[in-house]
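Here is a brief report on one protein model.

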Amino acid sequence: MATIVDRPAAQIGLEERFFLRAAIAMAIVAAGAFSFSLAMGRSSFHVPPLVHAHAIAFMGWVTIYLLQNIFVTTGRIDLHRLLGWVGVGWIAMMVVLGNVAIVLMVRRGGIPFVFQPLHLLVYDSVIIFTFAGLTYAAIVLRRRTDWHRRLHYCGMSMLLGPAFARLLPLPLLIPWELEASYFALMIFPALAVWSDVRRSGRVHPAWRWGIGTMVAAMLLTEVITHSAIGSALYRVVTAGSPGAAIAPLEYAPPPWTLRPLIGGVPVHPA
């Protein structure tokens, strides 16, 4: 990663410490969210191998991002560069595993009751591709350190959507559950902009591109979800599977809903 010129060393040090602290906070949110979900019985280790691979890939990236910031702050640029090239292939693996995982979940009709199947399908895919786009852009701009670290930061922030979805009381937020998790993850970019203004008195242009891309991703999610494109996508994804019998934009009844009994068997209301 190149050295930033024309800025006081003290200011550069403050910036590096901010990004390290933010990376630590992001890692705590990600690990805490999935640990909380496991403790509440909403997650289990008794899942298909693909789910384990997906979890390892995404938590692995959290570790990579944290280590990259540690290496920069401690002056180990050689390790930072080496791990950066590992990350190039890691991102591609995440894109594949993330999309396959959500498609399989939708096909088997396993979407949690707090989400609309189509909305979650689009949301998760858009998050993954936006993360990959921002992160690859950061890698392309690796010689422009100020842009590099800010675009990386925005990409990492996008990945926190599923983590916040596990921490927020989503049943109370229906029908805005995904929007709530999105606004929660935007706390990190907002803090970064505030930190920039405090240090330099201005907003770095990288934030406009990074945050603008994040906002565009959420708008795209809403447009696709509620369009003919979204309906067609859902039909293609669920064709020949149990998910095809589930309405794309309806919520499943919660597990605690009292349903009428027919012959002692709970049935869904018409």
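## A buried tyrosine and its partner

Tyrosine 153 has a relative accessible area of 0%, so this residue is buried. The model is a predicted one. Tryptophan 207 is buried too, because its relative accessible area is 2%. The cut-off for buried is under 20%.

## Aromatic pairs

How many aromatic pairs does the structure hold? There are seven. A pair of rings is described by the distance of the centres and the angle of the planes.

Take phenylalanine 18 and phenylalanine 19. Their ring centres are 5.4 Å apart and their planes stand at 80 degrees, so this pair is edge-to-face. Both phenylalanine 18 and phenylalanine 19 are buried. Tyrosine 153 and tryptophan 207 also make an edge-to-face pair, with 5.5 Å from centre to centre and 80 degrees between the planes. Tyrosine 153 sits in helix α5 and tryptophan 207 in helix α9 (residues 205-225), so their pair ties together parts 54 residues apart in sequence. One aromatic cluster takes in Phe18, Phe19, Tyr153 and Trp207.

## Helix α5

Helix α5 covers residues 145-158, 14 residues in total. From first C-alpha to last, α5 reaches 20 Å. That is close to the 20 Å expected at 1.5 Å a residue. Is α5 mostly covered or mostly open? Mostly covered: 13 of its 14 residues are buried.

## Helix α2

Helix α2 runs over residues 49-73 and has 25 residues. At 1.5 Å a residue α2 should span 36 Å, and its end C-alpha atoms are 36 Å apart, so the two values agree.

Which residues of α2 are buried? Among them are the aromatic residues Phe58, Trp61, Tyr65 and Phe71. Ala57, Gly60, Val62, Ile64 and Val72 are buried as well. Glycine 75 follows α2. The phi of glycine 75 is positive, near 80 degrees.

Val96, Val100 and Leu104 make a nonpolar surface patch of about 220 Å². Valine 100 belongs to helix α3 (residues 77-107). Is valine 100 buried or partly exposed? Valine 100 counts as partly exposed because its relative accessibility is 35%. Partly exposed lies between the buried limit, under 20%, and the exposed limit, over 50%.

How values were computed. Residues numbered from 1 in each chain as written. Predicted model: local features only at pLDDT ≥ 70, side-chain atom pairs only at ≥ 80, totals over all residues. Heavy atoms only, no water. Patch = residues over 30% accessible without salt bridge, like charges linked within 9 Å, V, L, I, M, F, W, Y side chains within 5 Å. Areas by Shrake-Rupley, 256 points an atom, 1.4 Å probe, with all protein chains shown as cover. Salt bridge = Lys/Arg side-chain N within 4 Å of Asp/Glu carboxyl O. Helix = DSSP H or I, 4+ residues; strand = E, 2+ residues; numbered from the N terminus. Buried < 20%, exposed > 50% of the residue type's maximum accessible area, 1.4 Å probe, protein only. Expected span 1.5 Å × (residues − 1). Phe/Tyr/Trp six-rings, centres within 6.5 Å; stacked < 30°, edge-to-face > 60°.
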